[in-house]
Amino acid sequence: MNRMICSSCLSGVLLALCLPVQAERADREKPIHLEADRLSLDDLNKVQTLEGNAVLIQGTTELRTARLVVTQDADGFQKAVATGGANGLARFRQKRDGVDEYVEGEAERIEYDARSDTTQFFNRAWVRSGQDEVRGRYISYDAINEKFLVTTGGGTTKNATGEGQARVRAIIQPKAKGDGAAETKKEPLNLKPAARVAPRTD
């Protein structure tokens with residue numbers, strides 16, 4: 001049975017989760033490939049702007065959006081800001097380390113930092129890891145430390161469709177027990193008097 005956690009308050013909601021997620025360790029060391037219908041390059045400031053079916057791929061990490069702005073710091077690490085896409089949502093996908101599962105997410109704006117391996121989702125944010133998922137106005141996904149942080153306003157903040165978001169939601173699936181975790185039935189414990197002990201008479 002699914003277990004749903006719903007929380008809200010007037011000033012805002014914060015939900016920190018430690019879901020079993022970790023990105024492929026080799027992703028950070030791989031080059032970033034960019035693709036789009038149009039590309040403008042500011043080589044002096046190390047800024048690349050991609051528009052029209054923009055795609056960023058680094059190892060197993062994928063970012064798909066309508067508009068993508070990629071900047072590079074002095075050490076050569078890239079930071080990407082994705083906005084728009086189908087239904088106004090940019091999309092993110094990254095393979096978990098050591099298992100055949102992906103972390104997937106979408107939001108109106110997604111910011112991916114290759115240096116820290118963190119991804120931030122803004123407005124109509126949704127992230128799924130395996131069968132577990134979280135929703136909120138803002139989600140931060142730390143792939144190195146395997147953590148999500150989800151927050152939302154108290155219903156006063158509107159997304160692009162004009163809908164208020166007053167709740168953070170998470171669905172955590174129960175984990176399957178291992179083969180050795182099944183409980184074995186034991187015989188009831190029966191108390192018996194000792195054969196060689198005589199009661200004291202004094």
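I looked up β11 and strand β12 (residues 132–142) first, and found them paired in the antiparallel sense over ten bridges. Two strands count as paired if DSSP finds at least two bridges between them. Strands are DSSP runs of E with at least two residues, numbered from the N terminus. The model is predicted: local features need pLDDT of at least 70, side-chain atom pairs count only at pLDDT 80 or more, and totals for chains, interfaces and linings use all residues. Residues are numbered from 1 along each chain as its sequence is written, and side-chain values use heavy atoms, with hydrogens and water left out.

Entry: around β11. I noted Ser-140 in β12 as the bridge partner of Gln-120. The hairpin of β11 and β12 has two residues between the strands, and Gly-130 there takes a positive phi near 65°. I then checked β10 (residues 109–113), which is joined to β11 by five bridges and runs antiparallel to it. Tyr-112 has Thr-119 in β11 as its bridge partner. Four residues lie between the strands of the β10 and β11 hairpin, where Asp-117 has a positive phi near 55°. Strand β9 (residues 102–107) also pairs with β11, antiparallel, over four bridges. I looked up burial (buried is under 20% relative accessible area, exposed over 50%, partly exposed in between, with a 1.4 Å probe and protein chains only). In β11, nine of the twelve residues are buried.

Entry: rings. I found five aromatic pairs in the structure. Rings of Phe, Tyr and Trp (its six-membered ring) pair if their centres lie within 6.5 Å; planes under 30 degrees apart count as stacked, over 60 as edge-to-face and the rest as tilted. For Phe-92 and Phe-121 the centres are 5.8 Å apart and the planes at 80°, so I logged the pair as edge-to-face. Phe-92 is in strand β8 and Phe-121 in β11 (residues 118–129), 29 residues apart, and the pair links distant parts of the chain. Both Phe-92 and Phe-121 are buried.

Entry: strand β6. I traced β6 (residues 61–72) to β5 (residues 47–58), antiparallel, with ten bridges. Val-55 is opposite Arg-64 in β6. Six bridges pair β6 with β7 (residues 78–83) in the antiparallel sense. I also found three bridges from β6 to β8 (residues 90–95), again antiparallel. Phe-92, already logged for its ring, is the bridge partner of Leu-63 in this pairing.
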